[in-house]
There are 2 protein chains.
Amino acid sequence: MAVWLIPVAASLIFAAMFNKRTKIKVLLSGEQIGQEVTVMGWVRTFRNNQFIALNDGSTNNNIQVVAELGLLGEADLKRITTGASLKVTGEVVASLGKGQAVEVKATAIEILGDSDAEKYPLQPKKHSLEFLREKAHLRFRTNTFGAVFRIRHSLAFAVHQFFNDRGFVYLHTPIITSSDAEGAGEMFRVTTLPLENPPTQEDGSIDFSEDFFGKSTNLTVSGQLEGELGAMAFSEIYTFGPTFRAENSNTTRHLAEFWMIEPEMAFHDIEDNMNLAEAFIQHLIRYAMEHNAEDLAFLDQRLAEEEKSKPQAERSELGLLEKLRFVVENKFERITYTDAINILLESPAYKKKKFKYEVSWGIDLQSEHERYLVEKHFKKPVIVTGYPAAIKAFYMRMNDDGKTVAAMDILAPGIGEIVGGSQREERLEILEKRMSDMHIPAEEMSWYLDTRRFGTVPHAGFGLGFERMVQFVTGMGNIRDVIPFARTPKNCEF
Amino acid sequence: MAVWLIPVAASLIFAAMFNKRTKIKVLLSGEQIGQEVTVMGWVRTFRNNQFIALNDGSTNNNIQVVAELGLLGEADLKRITTGASLKVTGEVVASLGKGQAVEVKATAIEILGDSDAEKYPLQPKKHSLEFLREKAHLRFRTNTFGAVFRIRHSLAFAVHQFFNDRGFVYLHTPIITSSDAEGAGEMFRVTTLPLENPPTQEDGSIDFSEDFFGKSTNLTVSGQLEGELGAMAFSEIYTFGPTFRAENSNTTRHLAEFWMIEPEMAFHDIEDNMNLAEAFIQHLIRYAMEHNAEDLAFLDQRLAEEEKSKPQAERSELGLLEKLRFVVENKFERITYTDAINILLESPAYKKKKFKYEVSWGIDLQSEHERYLVEKHFKKPVIVTGYPAAIKAFYMRMNDDGKTVAAMDILAPGIGEIVGGSQREERLEILEKRMSDMHIPAEEMSWYLDTRRFGTVPHAGFGLGFERMVQFVTGMGNIRDVIPFARTPKNCEF
């Protein structure tokens, strides 16, 4: 074609095809013995001016690169520091050293990027997780966070695989929304109005008609209501996206921005809902155990070390891997809220007045109650159903007793509530009555009520907090350590 | 266990296990002939008081339910209206009628939910896409949107599959951010300050230290910079999440909230980047062609009808399926920006002064220019590289000529820019100089510059606008019709 007669620019001549490297995870499988390979990564350690431990993030394990004496000049040797990046070509050989099956006998080493040892923020000593949170990208290079975020990836993939295999449609529900129907807490305002001088109406109130969307808008707290719309056409949908809470909770369990998975299924009752949620959680754990065995082994060890520093009484009975195996291999306990209250009332903890909060039918279960049920009484995940209507959301289906709803919460050891769900109220009159009782304006929710007007069906769904699930699988105690960039009160770095 | 002695609540007795239905997509495969099944869905049509076309969203095709005369009473017959939901039990039999291989001979029909024909918003006639956008859940029940959103699902799954298979880590970059480094346009403010009476500092300016995050925060316009941090540890990462533009653009190509996929790869140069992007786009299309053949055939037909109403000169040369096949089977054209300018200058369109905007080296290519290159000149997707540095972002790698950068845009027929990417500037000094020239405060970006301080490596990445990709594959002309709930200026419904 004529255009090729025009001289090509420099950028096209630069066709070196840089990326012919072999990933270290593949190298360590040992299949390349005897072959010449190119490997690239970052230096973890450099011993005896000869042995470089190189890592590329594909695994926590390093490849040992052997730079025979004389291969590198004096000046280059000094540049091989922790964190420096290298391009190494050489032969894969069986390793004589301990701890690795193969190593690379280097024939050429190119230093791609230096890392000034004087300024490098990490030391060979162990750093606190808090300290690492401030070192955005170096945090990802540590063994702990390497394992955590590879597992997070696997769990996310397993989410999509699980639902795709079952014919669910992945529905992107909106992030910016004008409704606060979920009533799940304080919300973040989204606006393009100037804070210094916002337009006002005659009565002095803000004139949102001049805002970007022509009305007051917020960040979503849940995609459920929009998800229900999808389920009323596709039968089964799921969401997986960010959700937000503007709550001033500085705890190890709360984030202002977190990811949630919310499946919603037409033609499902509360039993179907429980079955799906249980199968889902077990699938996620099983997937990580199959695909991240090394990373889980590392975290299992890490947690065991951490436990040693605790007083005997506070230590977990099961190690991380034991716990995961137990959850996969055993059915979850299923009890009603009424059962739960009775168990608590009969418990030694209650009788010895060890609970801080009161126990009686009608209370919202507190963290201490949930932990007792899960960690002391059943020692396994528990699904609690049939909560009092008064403490649950308007869209949950009223049971025949007229006082409980077909809600279900799944409580997990060490985490507390990991899933919240319900069968939805599909009967228009009952739903309208409930909304009216709870002062939810029906006019604004007309689009939602329409699903009950034109071919309403029994349906159900639940929400799984993704970070809590990652915590559960990785054993990390602080939720800020399982999300790449945590958003919490007064903290929005990077 | 003792707890089971306590009477179980009503909700647990309701263990009917509603969801034993067979999906219509499965039924239509014909494998269940002779079996008794339960099928649930919504009525599309009801003919002769006997033949019900039922749909459950698993496919656009309906199952014909035959209700023999006498099975339903007079009152129930009247309730079988368009949109009503049914639970049907019966035998799968080979169909004698035209248009379907199997049908269900009903032995029981339960009406789950009525649909008042007087109030039902959709008529048998064809509705405009604009009208349907206002009918959130009924829109999903139409053939067009059923096909579009099942394909959207498939494309999303194919995204995850593509990267997972290659060992990329899915990284959730933050939605709320305090940086505006991308400079990609106007942003939405996120705040918990009261608009009526925000706290101010002594000089009258807003006191953001009292805002939720203690500083001014926005919705992200790109996860790239945070993605680079991930790539500097895991080698290869990708993001797939919502991004935002507060631009007042009421066009068929712009949304205020849209989903973007941004892979970022260490040890990749611009060539590797182009190769990956091309393979990625082809994978997505191939996946949809394999998994959504029926839906694509429907949309192909739909587009052909739509084309008929256009003047001959404006019609596409290729049908939807032909276009997709062509893109999958042919390599993308690769040209430099300089080539592109020369082609435009040599074009009949330029010589006849048909372009509205000027053409000369240094201009930002306008939509009309891109369309000429893609639709008239090459008639295929085109990758343009080597753009003038002056019109591109600070992080793009400077070429040796000192005036162009290793950027790449992929232009697609009918859509325009679908991918924007580049090799990143990994050299600290050049990057700092560039930032200083462009007045980007280096102090605030210290976390980003750290990646160039400690083991910097050649790396590259790109962004794919997911909705544009869905448009390309479905042939839908308006971007609002390929996202479940569109957010545009003055529009934030549902």
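How many salt bridges are there between domain 1 of chain A and domain 2 of chain A?

Author: Happy to. This is a predicted model, in which local features need pLDDT of at least 70 and side-chain atom pairs count only at pLDDT 80 or more, while totals for chains, interfaces and linings use all residues. Residues are numbered from 1 along each chain as its sequence is written, chains are lettered from A in the order in which they are written, and side-chain values use heavy atoms, without hydrogens and water.

To your question: the count between domain 1 of chain A and domain 2 of chain A is zero salt bridges (a side-chain nitrogen of Lys or Arg within 4 Å of a carboxyl oxygen of Asp or Glu). Polar contacts are another matter: seven residue pairs, both at pLDDT 80 or more, join the two domains this way (N or O atoms within 3.5 Å, one able to donate a hydrogen and the other to accept it; residues adjacent in sequence count only if both atoms are side-chain atoms).

As for the bounds, domain 1 covers 18–125 and domain 2 covers 141–186 + 221–481 of chain A, from an automatic or database domain assignment. Ten residues of domain 1 of chain A and nine of domain 2 of chain A make the contact (heavy atoms within 4.5 Å). Together the two domains bury about 700 Å², 27% of it on carbon and sulfur atoms; this is the accessible area (1.4 Å probe) lost on being put together, summed over both. On the side of domain 1 of chain A, A:Trp42, A:Arg44 and A:Asn60 supply 57% of the area buried against domain 2 of chain A, more than any other three residues.
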